[in-house]
Each structure stands twice: as C-alpha cells, then as structure tokens.
Amino acid sequence: MSTLPVRGLPWTVLRLHRSAAVLWGAALLAATVALVWMHAIGDEARAGIAACATPATDALPPCSAVHAITADGIYADTLAFVGTAVSYLMLPVAAWAGGALTGRALETGTARLDWTQSVTPVRWLAARLTVPAALLASGTTAAVLLNVWARQDGNPNLVGDWYQPDVFVSTGPAAVAHVLAGLALGALAGLLTRKTLPAVGLALAATLVLRNVLDWYRTSLWPTVTTTGRAALDLPRSALELEHGAVTTTGERIGNNTACVGSDSLADIQRCESRSGLTDFWATYHPRSHFWPLQFMETGLVLALAAAATLTAFWLLRRRTA
C-alpha cells in the first residue's frame, strides 16, 4: 500500500470534502453578486425613503413604514438576509465540522486508516483544521468587506442600526471569529462523540449557546457612557440606550422613568420637571464610536474560545491515540 506524504494532506482534505468546498464557493459567489447589486441600487434605495419623517408628520409617513414596492425594500431585505446568513454561518460550519470533518471519519474508521499511512494523528487533525480554517476565514472576510461596501453610508432606516445583533456581527471581524469558533467547536464535538449525528447535535448546541450568550452580554464588553441633563431625554438615533431615568427633588435616582421624554422645548421640560418633582435626567448608552471597541472585545473572546477548543481537541486526540 502506498504511503500518503504529509505534504499531500491539504490536497487530500480538499478532495475528501470537495462537495463542501464547492458549496462554500457557490455561497460566496451568490453573496458577491447580491452585494454588488445592492451597491449598484443603493442611491435609488436612499431616494426611496427620502420622502418620510421620523417621527412621522401629517404630511410624511414614518420612515419605518416605507417598504417593498421600490428599490428600498429590495435593498433593505437583501442586506438583512445576507447579514443574518453571515452572522449565523458558525452554525452550519460547526455542524459540518462535527459531522463530516471529524465525527464520520472516526465513526467509519477512515481516520485510523489514514494514521497507518505515515500520517500521525496530530498532523491528520492539523490538516483537517488548517485547510477549512483558511477557506472560511478568507471567504468570510470577503463577505464582511462586501457587506460593509454595499451598505455605503449605513442609513439605519435602510440597513438597520449598528447594534442590532445580525448587523453588528456581519459588519466586523467578529464574523470571522465566530466562524472559526464554529469550526473548532465542531471538530471538538466530533472527537468527543466519535459519531456523526451526536457530533452534529453537540456542535449545534455549543455554537447556539455561544451566540446567545454573546448577544445577551455584548453590551457589557466595554464601559458605557452616562449623560445627564436634558441631553439624556434626546439621545441620537445612533446611540444604543441601555438605561434611563431621573433624579427627584429628594435626590432619589429613578430608573426607567419616561417623564418629560416627549417634551419639545426647554420651557416644556422645565414645566414637566416642576410638575413631576424631578431635578435631573440621566441615560446610560453606547455611542456609535463604541462599535470598534465592542467588535475587538468580542473578536478576542471568541478567538480565545476557538483556540481553547482547538487545543482541547489536540489534547484529546493525543490522549486517545497515545
């Protein structure tokens, strides 16, 4: 029986999983075509929501109500779909890594056959992780850059606010980190179960937990900003408000207080303060400038988890094949 040289492992991995590679390439091509088209109709989409107002007026409808009969609907819906697909890409990646990349090879015995052909278990796993990691990282990076390019000025009435979970993940390096974490968690699940279907289930569960935990705690990854006074009653649209409240004449701090929020002028605010027994207002929020600090914090955390899962996978394989 001929031996398999180590330098041929990457090519072997590509051949064994060529269906997945072709599917990945087709998905990237479809996303590229869609995003190039979105960039081309961006000006028309923005013109489609020009005749609206936020808040609505007697003459103009609210911008949130402008929808799908013109390019703005196609533009917004397509970008939303692409953003969701990119932000949840870790789920199918984890399922594939657990089921096809490692679980099935261990279940059918093909992994042990490879190990008899002058390929050590460690090099076997390294090749199975390195090749898809390179393809996934480069492809996801390209999708993120195209997504940002297609969004152009990032008008939230068309493309959503920067802090929405799918928008946030799909427009920064966190998307790449999530995909690599899905690959690592899936491979670890396959090594733990050594069965195809259990590995898929475990990988999906792990990545779902990771995604939901980060969605829940994302706003805690970077210090917030607290503003007081009348500015707290009228935060900019780009601000992610977390808490707001007021201070009474006795100095008591009231959370989630909505008094005076709808006041239109300084005189209205002063009358409301006097009537409500309030002396000040406050709001805690993340400004638009916190996008990159939050991105880098989440990316670092997810990459650390991916590295831990990868190291655990190698440790487990070495222990079982010692």
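**Group meeting: strands, helices and rings**

T248 stands opposite L278 in β4. That is my starting point today. What you see is a predicted model, in which local features need pLDDT of at least 70, side-chain atom pairs count only at pLDDT 80 or more, and totals for chains, interfaces and linings use all residues. Residues are numbered from 1 along each chain as its sequence is written, and side-chain values use heavy atoms, with hydrogens and water left out.

Let me stay with the strands. A strand here is a DSSP run of E with at least two residues, a helix is a run of H or I with at least four residues, and both are numbered from the N terminus. Two strands pair if DSSP finds at least two bridges between them. Strand β2, residues 240–248, pairs with β4 over 8 bridges in the antiparallel sense. Strand β1, residues 225–228, also runs antiparallel to β4, joined by 4 bridges. In that pairing, T227 stands opposite A283 in β4.

Next, the helices. Helix α10, residues 174–193, has 20 residues and spans 28 Å from its first C-alpha to its last, close to the 28 Å expected. The expected span is 1.5 Å times one less than the number of residues. Helix α10 is mostly covered too, with 17 of its 20 residues buried. After α10 comes R194, whose phi is positive, near 55 degrees.

Helix α7, residues 121–151, has 31 residues and reaches 45 Å, close to the 45 Å expected. After α7 comes Q152, and its phi is positive, near 50 degrees.

Last, the rings. The structure holds 5 aromatic pairs. One of them is W162 with Y163, edge-to-face, at 5.5 Å centre to centre and 85 degrees between the planes. Rings of Phe, Tyr and Trp (its six-membered ring) pair if their centres lie within 6.5 Å; planes under 30 degrees apart count as stacked, over 60 as edge-to-face and the rest as tilted.

Why does W162 count as buried? Because its relative accessibility is 7%. Y163 counts as partly exposed because its value is 24%. Ring pairs link W162 and Y163 with F168, F291, W292 and F296 into a cluster.

Key
Buried means under 20% relative accessible area, exposed over 50%, partly exposed in between (1.4 Å probe, protein chains only).
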